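Reader: I have a structure to look at and would like to learn how to read it. Please go through some features one by one.

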Amino acid sequence: MQGFSSATVYEGPLAEVPPDGLRKIWLWAVLIAVGGFLFGFDTGVISGALLYIKTDFGLNSFEQSSVVSVLVLGAMVGAMGSGRIADRIGRRRILGLEGLVFLVGTVIAVLSTGYAMLVLGRLVLGLAVGGASATVPVYLSEISPKEIRGRTLTLNQLLITIGILVAYLTNLAFSGAGDWRAMIGIGAVPAAVIVAASLWVLPESAAWLAARGDRDEARRLVASVTNEATADRLLDRYDRGRAREGDGGGAAGWRTLLAADVRPALVVGLALAAVQQFGGINTIIYYAPTIIEETGLTASNSIVYSIAIGVINLVMTLIAIRVIDRSGRRPLLLFSLGAMTVMMALLGLSFVADWSSGLSLVCMVLYIAGYAVGTGPVFWTLIGEIFPPRARAAGSSASTAVNWLANFVVSLIFLPIAKVIGQGETFWIFAVIAGIGWVFVSRFVPETKERDFTEVDADLRSRFGRPAPASADPD
């Protein structure tokens, strides 16, 4: 069940949500999406901080890379564990807990006296970042009317890109003094916002409340943004949906993902998670200065280059927010993966054929723009929409964990592979993967725009050649 959206219950028309209710929903959505900001900030801030950490602590190349990669490893663990915890204690509490863990990790990192303590701090930060990256899409999905669900879910990606950009600007602000502790410490501010919001502002997901049998509280919450009659109708639909799911509707945890009716959604979620990373985006985000230097231009001011990339990423994500509920998810994904395929292929050719550095940079910029308008935000939107209600938290956790794993693998193997077969040829591999992703989306990914879960599930079953369920809600 998804708030007002794609699950069995809350699919009431947006017209039934008055302006005051909509403003309340958007406030909740922005505060929840601060979890995405933490994701972006802490993955971005280390690029500048490490320039000074390595000098202060005398880190060798392995130690430097481990300081970066340990956050990704922690994020995989956090993402895998958050779904079960969210189903037990609720969406609001798990988000607040993740903010608290982030505060603890920030304190450990800022007060680090050496390499081991810093790695510990980064590991704790990774647990929080990974957990939030899995929790936020589910939480946003469950509080959103379906007519604005795409925009609220895309807030996650928007806040990720804003977090990355703020991290780069923070690095620039403190680079003169070389104060890496201040760079990392700024992350405590949004973490504190999340903790405070979870304690005093955010509601629990009505979907989770109803699933736990707390109908009165769920009804009160829905009525607070719509009206009493709508709340009753939507909860009645939820009851019918639970009855149709039978005993399996109460299943929780990873076993839920093995159920026959969940597998198509799981395949889509895991495939998109892998394609988003193996399409090559983090080779650009992480190694832009190195790539730019290879084109013949200077990369002496890597922080400035990073800011430019962050701005492009942010602007195109803003465009995605404006169009995702108009154009739909599939068109954006197909356009995005097509642009990524072409631009990555041309970027590879620019290295192999020794094109001018200007042309290489144009290909890089257009690739980032293509990614940011579709593949980046739409993945986070879809994993909040395609899973059955009982498997939504576990499905989001699994998809997010695979996304972090793919992130780790790409960041680890890019430079070694590029040294063996050449940088241009490595970009061609990413182009092929993006092309395969385009084919996969065109065949297997359903449209979820303004659809309730019954419609999304029917489309998924059809694309995977699976029979329709024995009974269907006549409404």
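Reader: Where is the place of Asp 239?

Author: Helices (H or I, at least four residues) are DSSP runs, numbered from the N terminus. Asp 239 has its place in helix α10 (residues 228–245). This is a predicted model: local features need pLDDT of at least 70, side-chain atom pairs count only at pLDDT 80 or more, and totals for chains, interfaces and linings use all residues. Residues are numbered from 1 along each chain as its sequence is written, and side-chain values use heavy atoms, with hydrogens and water left out.

Reader: Does a label go with the accessibility of Asp 239, and which one is it: buried, partly exposed or exposed?

Author: Buried means under 20% relative accessible area, exposed over 50%, partly exposed in between (1.4 Å probe, protein chains only). Asp 239 has 34% relative accessibility, so the label is partly exposed.

Reader: What is Asn 403 in contact with, leaving aside its neighbours within four places in sequence?

Author: Contact means heavy atoms within 4.5 Å. On that basis Asn 403 is in contact with Ala 273, Gln 276, Gln 277, Phe 379 and Trp 380. Asn 403 sits in helix α16 (residues 392–421), and its relative accessible area is 2%, so Asn 403 is buried.

Reader: Which residues touch the most other members of the largest nonpolar core?

Author: A nonpolar core is a set of buried Ala, Val, Leu, Ile, Met, Phe, Trp, Tyr and Cys residues joined through side-chain atoms within 4.5 Å. The largest one has 121 residues, and Ile 53 and Trp 404 touch the most other members. Helix α1 gives the most to this core, 16 residues. Apart from it lies another core of 5 residues, including Met 316 and Val 373.

Reader: At what angle do α1 and α9 pack?

Author: Axes are lines fitted to C-alpha atoms, for helices over the stretch in contact, and angles run from 0 to 180 degrees between N-to-C directions. Angles under 35 degrees count as roughly parallel, over 145 as roughly antiparallel, 65 to 115 as roughly perpendicular and the rest as oblique. Helix α1 (residues 19–57) and helix α9 (residues 215–225) pack at about 115 degrees, their axes 7 Å apart. They are therefore roughly perpendicular to each other. Among the residues that meet are Trp 28 in α1 and Leu 221 in α9.

Definitions and conventions
Helix = DSSP H or I, 4+ residues; strand = E, 2+ residues; numbered from the N terminus.
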